[in-house]
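This report concerns a structure made of protein chains. Please study the sequence and the model shown here before reading further.

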Amino acid sequence: MHDQPTTAIFYRLGSFALVMLGLAVTIFVLARVVPGDPARLALGPAATAEQVNALRHEMGLDQPLVVQFFSYVGRAIRGDFGYSLVSQRPVIVDLKETVPATLELVITSVVFMFIVAVPLGVVTARYRGRWIDLVGRILSLTGVTIPSFLFAITLQLVFARLFPSFPILGRLDHGLGFSSGPTGFLLIDGTLAGRFDVVADALKHLALPAFALAMAGIGQITRITRSAMLENQRKDHVLTLRSFGVPERVIVFRYLLKLSAIAPLTIMGLEFASLIGNAFVVEMIFSWGGFASYGLNAILQKDLNAVIAVVLVSGLFFVAANLVVDILITLIDPRLRHRGSR
Amino acid sequence: MAAALLDVQGLDVFFTTYGRKRQVLRDVGFSIAPSERVALIGETGSGKSVTAKAIIGTLPNNATIDGGRIALEGEDVLSLSRDRREALKGTAFSLIMQDPLSSFNPVFRIGTHLDDVMRFADRRNGIRNGKAARRKRIAEVLRRVQLSEPERVMNAWPSELSGGMRQRVLIGLALLHRPRLLIADEPGTALDVTTQDEILNLVNRLVEEEGMALLLITHNLGVVRKAADRVVVMHHGDIVETGPTERIMKEPAAAYTLSLLDAVPALFGPKVTDQPESRGVPIVTIRNLDKLYGRRQHRFHAVKNVSFDLRKGEIFGLAGESGSGKTSVARMVMGLTPPSAGTIEIDGKAAGDRRATQIVYQNPGTSLNPRRSVEQTLTLPLASIGMRGAARSARLDELMQLVRLPRSYLGKYPHELSGGQKQRVAIARALAAEPRILILDEPTAALDVSVQKTIIDLLLQLRDELGLTYLIISHDLSLMRNFCSRIAIMLRGEIVEEGRPAELFAEPEHPYTRALISAIPVVSDDEEHLKPKVTETERQRFLVAATQ
């Protein structure tokens, strides 16, 4: 019919490219404006002025800012983010090692969020005002208000005390003798290698940090799902189905849920930024060795190439997550596919 | 009465809100014979919809039935088990909801709704139908409601169908299991006049062909005359009168019924009011007005070459159905949107003086901010023209007097006011900055008939007292017949006919005008005979024109 989902998606792709460009300009300028000479920092106080100048020339820091920017973008697109001053390796190599760890954590926690929050939102809306609603609402309020680092430390302490054998640090038990494979995702690499003991152990390691990270989102999404369900169940179309005797479970889990999924999905896209932010802290607490802790180190050490790369990759995550959300919402809601309609 | 299909006796229903119990139905009793058509009429809050919900079993959770009996073919449905009660839905009685636009879940295809309704009704009644069999029956039903391409309709999303089409699908939904009683809640009222008429004809024909009984819930007495054999009049949860339609229309026994009948605006005959023609100078001059929305392939030509004069002191009506461009014209006169071409002059100057024109919107329930008291609502326009202190307070008094509301109402909030009172506040707000021209956007459409009359009377008095000029936009020609001094009929962005109401109704020239007038439901046979005659092909032509 008049469906044009592809046009809408291309339009969004274009606008997201613009967002990325804007982000690149901002972070690049910021990184050059902050005080402190990266060349001096890299060489240490003992280096002579000639040595520093030589390095500055080598790093291109003596070029005009615009030239620096475009040559940087040109290289970045090819995957060259320059050398990390701290690790003394190309930044891209560091990213390849650390990004999968973070992605694995973040994706697991998003899955957690939806598995826990959506049913909780549906149930609290369905039994509004009963005890289960109260419990759910207290739970979601707790999730929203408690900072994730506090939650992470609490989880660690409680598990260390009650289940001493449960892993509270790292991604994998070193005793298994498994180092990451082609993708860097332990769950995928473990499955590919047929090492299901690795997969099980990785899941055990993932549980606590992913849950700590998901907690804030669980609170948000429960609340949003609940209010969307409450709003939609008063609509005429629900009464219509009810008056024809369509069972309540079908009305709730089929008709209402799909319609009410739009709001939490939108929120998820926006929440993704704070999810990445929280990952910085949670990774530190659980010694995750992911890209967030790498970024944190880079910031503390003023490792400019690494900082810029980390910010760009975070931005890319955010933009990609929102693109996925937009595509999902467009698939759910046919009205968004009609261009030119009101 | 022998073998009633549905027999309601002594029904008492209460609603409990915040611990307070309120009776909404008091000793309601009536019966419907097989294939009889009964109308339940009454205004907002009369309990007519609650009665329908009690019958079907979809009362809200805070409702309790404290007494009475609802018998279907002699069996009390209130004492049935939950499952048996559920099994009656769609098979014994089916409900057609009022607003077809919101009656479908926007993220599911039309066919999904139909299939689910059919599947679960089948299952409850122990019928085994495969998906293909269901699809066949659904297509059959959609053809019965005159949707010629059932496959296309089933695959469509609700937002892709016009209001009239969605209304037809809703009726089809109700027919799926050949119910014995069809309950129709204000069928078609949310749609345009011509579509509404068409829907009513369709319901009438289906009821007759399928041998169903009909319980018609409506506030429109014209609809009652057309589609009911017997009438039950309700008022504040009580039944005030029951009787054959003809008798009720001619010699109502209850005073309330009489007041309802009196409030219906007449179209023809001695009860019609003719507004005098204005001899004033043109205050608004509109020439060759055009409005285009959108760009390139999405371009929509909303207003085409519209010209008219608004003379001082007159009431000019722009009549048309949704999408005819009447609202766009009003917005341009208000200066809310610029014309794409053409000129609007107010008192010889280009439009744009916001103080000269003000607007009263259709629904005071949404046009008033619920968090602002009447005083705050009225103060805003006064403050914007720099009025303060004692002058402002005096002006507030004056405004309240103008719209005949007591001064004490200044402290009230919208939810404490009735629909009519809210509309009075909206009128007072529009008058605050002393405009010369008032634009009335369906000013009575959201109100009950009896209240409509009081608002119209108030507007007429205000016109004389303040020397105002009105531009009213509406789809309700029966209202405009008695209220306007001139009417222009709009179709697809153009004015197709313009004239004095009496002439327009007596000898409509354009076929669309004829179609519009003939579609208005009237309350007496005499008026029915005076309506212009429209051929079936003509009617179809404009029905398509209006929905597309």
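The model is predicted, and local features are given only where pLDDT is at least 70, side-chain atom pairs only at pLDDT 80 or more, while totals for chains, interfaces and linings use all residues. Residues are numbered from 1 along each chain as its sequence is written, chains are lettered from A and ligands numbered from 1 in the order in which they are written, and side-chain values use heavy atoms, without hydrogens and water.

**The contact between chain A and chain B**

Chain B brings 32 residues to the contact and chain A brings 30 residues, where contact means heavy atoms within 4.5 Å. Together the two chains bury about 2700 Å², 65% of it on carbon and sulfur atoms; buried area is the accessible area (1.4 Å probe) that two parts lose on being put together, summed over both.

Side chains of opposite charge can pair when their charged atoms come close. How many salt bridges does the rule find across the interface of chain B and chain A? It finds one salt bridge there, the term being used for a side-chain nitrogen of Lys or Arg within 4 Å of a carboxyl oxygen of Asp or Glu. Asp116(B) and Arg254(A) meet in a salt bridge through their side chains, at 2.9 Å from N to O.

**Aromatic pairs**

Over all chains, a search of the whole structure finds twelve aromatic pairs. Rings of Phe, Tyr and Trp (its six-membered ring) pair if their centres lie within 6.5 Å; planes under 30 degrees apart count as stacked, over 60 as edge-to-face and the rest as tilted. The pair of Phe112(A) and Phe211(A) is edge-to-face because the ring planes stand at 70°, with the centres 5.7 Å apart. Phe112(A) belongs to helix H5 (residues 91–126) of chain A and Phe211(A) to helix H9 (residues 196–232) of chain A, so this pair ties together parts that are 99 residues apart in sequence. Helices (H or I, at least four residues) and strands (E, at least two) are DSSP runs, numbered from the N terminus. Phe112(A) has a relative accessible area of 26% and is partly exposed; for Phe211(A), also partly exposed, the value is 26%. Buried means under 20% relative accessible area, exposed over 50%, and partly exposed in between (1.4 Å probe, protein chains only).

The rings of Tyr255(A) and Phe108(B) have centres 4.5 Å apart and planes at 40°, so that pair is tilted. Tyr255(A) lies in helix H11 (residues 248–260) of chain A, and Phe108(B) in the loop between strand E6 (93–96) and helix H3 (110–124) of chain B, so the pair joins two chains. Both Tyr255(A) and Phe108(B) are buried. Lys258(A) lies over the face of Phe108(B), 4.8 Å from the ring centre; a charge sits over a ring if NZ of Lys or CZ of Arg is within 6 Å of the ring centre and within 35 degrees of the ring normal.

**Salt bridges**

Over all chains, the search finds 42 salt bridges.

| Pair | Closest N to O |
|---|---|
| Arg144(B) and Glu210(B) | 2.7 Å |

Arg436(B) is partly exposed, at a relative accessible area of 32%, and Asp347(B) is partly exposed at 38%.

**Domains of chain B**

The domain assignment (bounds from an automatic or database assignment) divides chain B into domain 1 (6–101 + 178–261), domain 2 (264–356 + 435–548) and domain 3 (362–434). The centres of domain 1 and domain 2 of chain B, taken over C-alpha atoms, are separated by 34 Å. Between these two domains of chain B, about 1900 Å² is buried, 50% of it on carbon and sulfur atoms. The count of salt bridges between domain 1 and domain 2 of chain B is zero.

**Two single residues**

Is Asn232(A) buried or exposed? Asn232(A) is buried, with a relative accessible area of 7%. Beyond residues up to four places away in sequence, Asn232(A) touches His237(A), Val238(A), Leu256(A), Leu259(A) and Ser260(A).

Pro338(B) counts as exposed, at 57% relative accessibility. Leaving aside neighbours within four places in sequence, Pro338(B) is in contact with Lys291(B) and Met332(B).
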